[in-house]
Amino acid sequence: MNTRLLIFIGVGVIAVLVIIAVVLLRMANLKRRAGAGTAVKLADALRDERLKSEIIVNAIEDGVVLIDAQKKIHLFNSGASKITGWPSEEALTLNIDAVIKIVDEKDQAYPTDTNPFYSVFTAKTTIRDDKAILSSRSNKHIPISLTISPLFDENKQVSAAVAIFRDVSQERAEQQRRGEFISTASHEMRTPVAAIEGYLALALNEKVSTIDSRARDFLEKAHASTQHLGSLFQDLLTSSKAEDGRLSNHPVVIEMGAYLQQFTNDVKFSAEKKGLVTDFRLGAGSVIDASSTGGQKVVKPLYYVQADPERLREVITNLFDNAVKYTEQGKITIGLTGNNTVVQFFIRDTGPGIPHEDVPHLFQKFYRVDNSTTRTVGGTGLGLFICRKIIELYNGHIWVDSELGKGSSFYINLPRLTTQKAEQLLAAEATANNQGVPNVTPPPAS
C-alpha cells in the first residue's frame, strides 16, 4: 500500500514537472516570436526612416555630400549629381578631390590648406565660401555657394563633414549686370557733376566774377551739394567694383608700424583744426609723438602685412575722417598691436558713440545711424561698406566697439607675415621691379 502510494506520488510529480516544462517551453516560444516580431517591426521602421531620408535628400535641388575623415564620399544626392555631372553610384567611395574640383576666378585650384573640404577638419567650425567655382566632370565652370559643416564623434573630434552647395550662376550674372550698370551710370554722371562743380568754383572766385553776399551763400551751398554728389558717385563706383571683384588691387609687403606712424603725421593737422589731439600708440601702451620726427625711443616690433597701400590708406582715412567729423572734443588715437598670426590696428575717438542696436548694421550698404549728429554731418552710407570689402580682400576682419557718450573704437585684423616670409616676398618684389635692394613699401603721400 505504501509502495503503491509512493509510486503514485512519484508519477504525479513527474507529470506536474512535465506540464510545467511544456508551459515554460511554450512561453519561451511565444516570447521569441514576440521578440522576432518586434525586431522585424523595428527593422522595417528603420528602413522606412532611411527611405524617407533618402527621398528628402534627393528632393533637394542643392548638392548634398557627406565625406569622412579620409575625404571619401559616403553620400551624394541627386542635386550634387546634377551640378557636378557625376552619377551618384560612381561618386560614392571616391575621394572628394576626384569629384568636386574647386577653382578660383583665375582658374587656379584651391590649395589644400584653403580648400574647405580639408580645412573644415582643422578649423572644426562651419566654413562658407560664396566665391568658389566648381569645375564639373565636363570641365564646365559653375559658380557655387558652398557651406561645409563638421560632424563630431564622442571624443569631440571631427569624424566627417556635410557639404551643401548650389549653382549661383544666375545670381552672379545678375550681380555683374547690376554692377556694370551702376559703374556705367556713376562714371557718366561724374562728368557733368564735375563740370557743374567747376563752374560753381569759377562763380565763387572773386577774380573771375562779382556777386553779392546773398548769391555767394547760395552758390557755396550748391557747390557743397555738388561735391557731396560727386563723392556719392565715386563711392557707388567703388562699392560696385568691390562687390563684383573688379576693384584694382596690388598687394605688397607693408610694415604697419612705420606706415601708421607716417599716416598719423600726415593727418594730424586736420584734427588739430578742430581742436582735437591725435596720438599713435604702439603695442600695449607706448605713445609715439606724432608731431616730431624724433619722438619717443621705443623698441618697436615689426608688424608685416601684405596689402595694397593705397587701398589700406583709403580704409584708414575713412575711419579717421569719420572720427574727426563726429568728435567735438577730446582726442583720436591710432593704435597698433598684434600676436604671432594677427596684426591689429585701431582708430579710437572720444565722440558721442553709436547706439547698440545700430552696431551690427554699420558695415551694410547705405546704412546710416539715424540721429541728429549724423543728419547734420551727412554722408553717403557707403564708406564703412567699402572699408569692409577692402579688408576682406586681404582675409581680414573689421568691427567696432562703441558706447554712447564714451566714443567708438574701430578695429582691423590682418594676417601677419613672419619676418622670414616678408623678406622672401620683398625679394620677389625687388626682382619683379628690377630693384637692387628690396625695401618695405612706404605709405603714400597724403
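A: Let's start with Thr 333, which sits in strand S12, residues 331–338. Keep in mind that this is a predicted model. Thr 333 has a relative accessible area of 4%, and the cut-off for buried is under 20%, so Thr 333 counts as buried. Its neighbours, leaving aside residues up to four places away in sequence, are Asp 279, Arg 281, Phe 346, Ile 347 and Arg 348. With one of these, Asp 279, the Thr 333 side chain also makes a polar contact, side chain to side chain, at 3.2 Å.

Now on to helix H11. H11 spans residues 383–393 and packs against H9, residues 309–326, at an angle of about 145 degrees, the two axes being 9 Å apart. The crossing of H9 past H11 is left-handed. On the H9 side, the contact is made by Arg 311, Leu 312, Glu 314, Val 315, Asn 318, Leu 319 and Asn 322, while H11 brings Gly 383, Leu 384, Ile 386, Cys 387, Ile 390 and Ile 391. Sort the residues of that contact by type and you get 8 nonpolar, 3 polar and 2 charged.

How enclosed is H11 by the rest of the structure? Largely, because 8 of its 11 residues are buried. The buried ones are Gly 383, Leu 384, Phe 385, Ile 386, Cys 387, Lys 389, Ile 390 and Ile 391.

How values were computed: Residues are numbered from 1 along each chain as its sequence is written. This is a predicted model: local features need pLDDT of at least 70, side-chain atom pairs count only at pLDDT 80 or more; totals for chains, interfaces and linings use all residues. Side-chain values use heavy atoms; hydrogens and water are left out. Axes are lines fitted to C-alpha atoms, for helices over the stretch in contact, and angles run from 0 to 180 degrees between N-to-C directions. Helices (H or I, at least four residues) and strands (E, at least two) are DSSP runs, numbered from the N terminus. A crossing is left-handed if the near helix is turned anticlockwise from the far one by less than a right angle, and right-handed if clockwise. Contact means heavy atoms within 4.5 Å. Ala, Val, Leu, Ile, Met, Phe, Trp, Tyr, Cys and Pro count as nonpolar, Asp, Glu, Lys and Arg as charged, and the others, Gly among them, as polar. Buried means under 20% relative accessible area, exposed over 50%, partly exposed in between (1.4 Å probe, protein chains only). A polar contact is a pair of N or O atoms within 3.5 Å; within protein, one must be able to donate a hydrogen and the other to accept it, and residues adjacent in sequence count only if both atoms are side-chain atoms.
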